[in-house]
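This briefing is meant for someone meeting the structure for the first time.

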Amino acid sequence: MSYSLGIAQPELRLSLARLGGWLEHMRGPGGYGGPISHWWESSLLYCGPMADWRYEGVICGYLSLYGATGAKRWLARARAAGDDLVAALLPSGKFRNSSFQQGPMEGGTPHEAAADVGLLELARVLRAEGDPSWAGYFEAARSNIRAYLLGELWSSKGFLDQPWNTALVPNKNATTIEALVLYEELSGEDMSPYLGPAVGVILGAQERSGPRAGATIHIGTGRHRLAIGIYTARSICGLLRLYERGSQDELLDAVHRALGFLRGLVTAEGVYFGRYPDGSLIVNPLIVAGAGDMLRATFWGRRYGLAADADVSALAAMLLRAQQPAGGLPFGYGMARRGGRQPYQGLPEFRDVLPAVGWCDKAFRALALLIEPGPDLSLDQSFQETQIECVWQGRRFEYFESAKTIALTSVMTGRSIYLWSKGTCYPSIYQL
Amino acid sequence: MVANPYSNEVRYSLGLMLHHLDAARPRRVRLATHCVEMARSAARFLCHSQLTLEVESATIRDALGEIPKVAAEVRDPQRSPADAALFPFSLEEGLRPAGEPLLVAASYNGLSYKRLLYPRQRRPGIFATMAALRPAYCTQPLAGLYSPRFILGLALAKMLEGRDSARYFAQEDRTMRRLIDTGPLWRFSYIVIFTGHRTA
């Protein structure tokens, strides 16, 4: 059996095939849909397709599978996802319905920049193969970058949270850095005037000492000044993307500190959400699917000797263990006691077990980086249903996912209080 | 007061309204509002449904024309009514149904806690708003948003915010899970979502 970084390659390949299969089951007219759980708020009513950061992970994950196996099917899936984004581009240059947990609105951050990353990564691969269709994906990203990122979000100090909100959020600037570095590579236009201030936002928000040393503080959390693991991880990726554009040791130093912060959040069941200003852990929720971004940051940092094999394998093993029979990964564990410092014990909550494309894409993208070149993945599997006992508002329910539906049904009465058919925009039953 | 289409209260209201509209599977829907931004906001929730929107003006039609896959035309009063009508905070602007078999409305409620905050603001209570549609329509409340129970929970969260972040986040989440109230407190909620079925 082939092992790399302590991860069994057959197990990894099987997991990726199932995750890819699950993603396609979540695909309907217009793109990938489904209910969304999130720390800030959840979108459980509107379940239609959205052009948000899910496309970053979906496209990049498929491109990694294509790179490792050479199988054209993965490139076709990446291209189909890119076509969704091109179709979602509005005359304003923004993407339709890009605001993830906030529901169907354009202008989501960092979602539009993340969608650009997906488009530009796809364009880069196609251009390298001499495929002229790369230009369409590149042009869509360019429209968004020019009209929205540079046209509306840019201030002389960095990229704003929204045109009407002057907060400079580090991880959002990091995603924008990733998009701009890719854009610079493909267009030849110098993005230095924007990259300098944007990286300044990240470095300026990084804690240098104390129990949160290395974390980037989420400025958008106001007086709470939360240090959040997944957002620190996304900040790391922006720094590393910029480092690879032109070596600056200062960036690697910041990444080294940030990875130290992340290491303190990892457990065998998930990653702690973050830390409060006094250094105490935000234990609930444990983040699972979204920890894919921590795996990506750690794996990338390992390239420069900033993370160990054991750091990578611990995160990868956690994600592989958490995969549900249907192929998706849960949002996390502990949303019933959101923000708590003490570990939540008991059945998971509905929002915990819910697999959302916009989180599972992160696990998919990161795990796809770990497979070794070889033959194509085996896809001859039937869909396995997921059944999990969980709670909602203190009552016991059964979460059920089939190839066609996601449902929440009372254990006591057998009555469903939530039923969403895949491919539709709204649940047919919503009594949460 | 004109509703801000980007506010949380409008987002949540539109989500609930469009969920109920979607269940009726209409082919033609009248989007009853004079506000371009409100029309845009509502149309985003409809984006992938196969339906035609009837709107109140050419300005709104042109604005919606920028959204791919959204078909909009200016409402013709001479034509037979649409299958359904959406009234996103527009009954209080004076817009009225034109015989559509189904209406889904969101309205501010003068009987809510906001009356205490703004005692001089004149706004009809939800019972008066619904009564104005009778006898042509049989109205039925679906839910209230920002009920007294919600507001008490939110006030408690705000009290905790400066003292203990962990308790604040837990309380805020507990409160948000009760944003939509389908119990009797809908009567005193800040926003009420209701349907109307044409009686004859």
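A:Trp39, A:Trp40, A:Tyr231, A:Phe273, A:Tyr276, B:Tyr168 and B:Phe169 come together as one aromatic cluster. The model in view is a predicted one, and over all of its chains the structure holds 31 aromatic pairs.

**Aromatic pairs in chain A**

- The rings of A:Trp53 and A:Trp359 have centres 5.3 Å apart and planes at 70°, so this pair is classed as edge-to-face.
- This pair links distant parts of the chain, since A:Trp53 sits in the loop between strand E4 (31-32) and helix H2 (54-69) of chain A, while A:Trp359 belongs to helix H13 (residues 357-368) of chain A, 306 residues apart.
- Both A:Trp53 and A:Trp359 are buried.
- In the pair of A:Phe159 and A:Tyr194 the ring centres are 6.5 Å apart and the planes stand at 40°, so the pair counts as tilted.
- This pair, too, links distant parts of the chain, with A:Phe159 in strand E6 (residues 158-159) of chain A and A:Tyr194 in helix H7 (residues 192-204) of chain A, 35 residues apart.
- A:Phe159 is buried, and A:Tyr194 is buried as well.

**Chain B as a whole**

- Chain B contains 7 helices and 8 strands.
- Its radius of gyration is 18 Å, close to the 16 Å that the globule rule gives for 200 residues, so chain B is as compact as a globular protein of that length.
- Taken along the principal axes, the C-alpha atoms of chain B fill a box of roughly 60 × 40 × 30 Å.
- Of the 200 residues in chain B, 54% count as buried, and the accessible surface of the chain comes to about 9100 Å², with 53% of it belonging to carbon and sulfur atoms.
- Among the contacts in chain B with a separation of 6 or more, 68% are accounted for by residues 24 or more positions apart.
- The side chains of chain B include 27 positive and 18 negative ones, and the centres of these two sets lie 6 Å apart.

**A buried residue of chain B**

- B:Ile193 is part of strand E8 (residues 191-198) of chain B, and with a relative accessibility of 0% this residue counts as buried.
- When neighbours within four places in sequence are left aside, B:Ile193 is in contact with several residues, including B:Ser13, B:Leu16, B:Met17, B:Ala105 and B:Leu145.
- B:Ile193 and B:Leu53 are 140 residues apart in sequence, and their C-alpha atoms are 20 Å apart in space.

**Cis peptide bonds**

- In chain A, A:Thr109 and A:Pro110 are joined by a cis peptide bond with omega of about 0°, and A:Pro110 is placed in the loop between helix H3 (72-88) and helix H4 (111-128) of chain A.
- In chain B, a cis peptide bond with omega of about 5° joins B:Arg134 and B:Pro135, and B:Pro135 is placed in the loop between helix H5 (126-131) and strand E6 (137-145) of chain B.

**Positive phi values**

- A:Phe100, although not a glycine, has a positive phi of about 45°; its place is in the loop between H3 and H4 of chain A, and it is buried, with a relative accessible area of 0%.
- A:Arg225, a residue other than glycine, has a positive phi near 40°; A:Arg225 lies in the loop between H7 and strand E7 (227-228) of chain A, and at 40% relative accessibility it counts as partly exposed.

Methods:
Residues numbered from 1 in each chain as written. Chains lettered and ligands numbered in written order. Predicted model: local features only at pLDDT ≥ 70, side-chain atom pairs only at ≥ 80, totals over all residues. Heavy atoms only, no water. Helix = DSSP H or I, 4+ residues; strand = E, 2+ residues; numbered from the N terminus. Rg over C-alpha atoms; globule rule 2.2 N^0.38 Å. Buried < 20%, exposed > 50% of the residue type's maximum accessible area, 1.4 Å probe, protein only. Contact = heavy atoms within 4.5 Å. Areas by Shrake-Rupley, 256 points an atom, 1.4 Å probe, with all protein chains shown as cover. Lys, Arg positive; Asp, Glu negative; His and termini not counted. Charge placed at Lys NZ, Arg CZ, Asp CG, Glu CD. Phe/Tyr/Trp six-rings, centres within 6.5 Å; stacked < 30°, edge-to-face > 60°.
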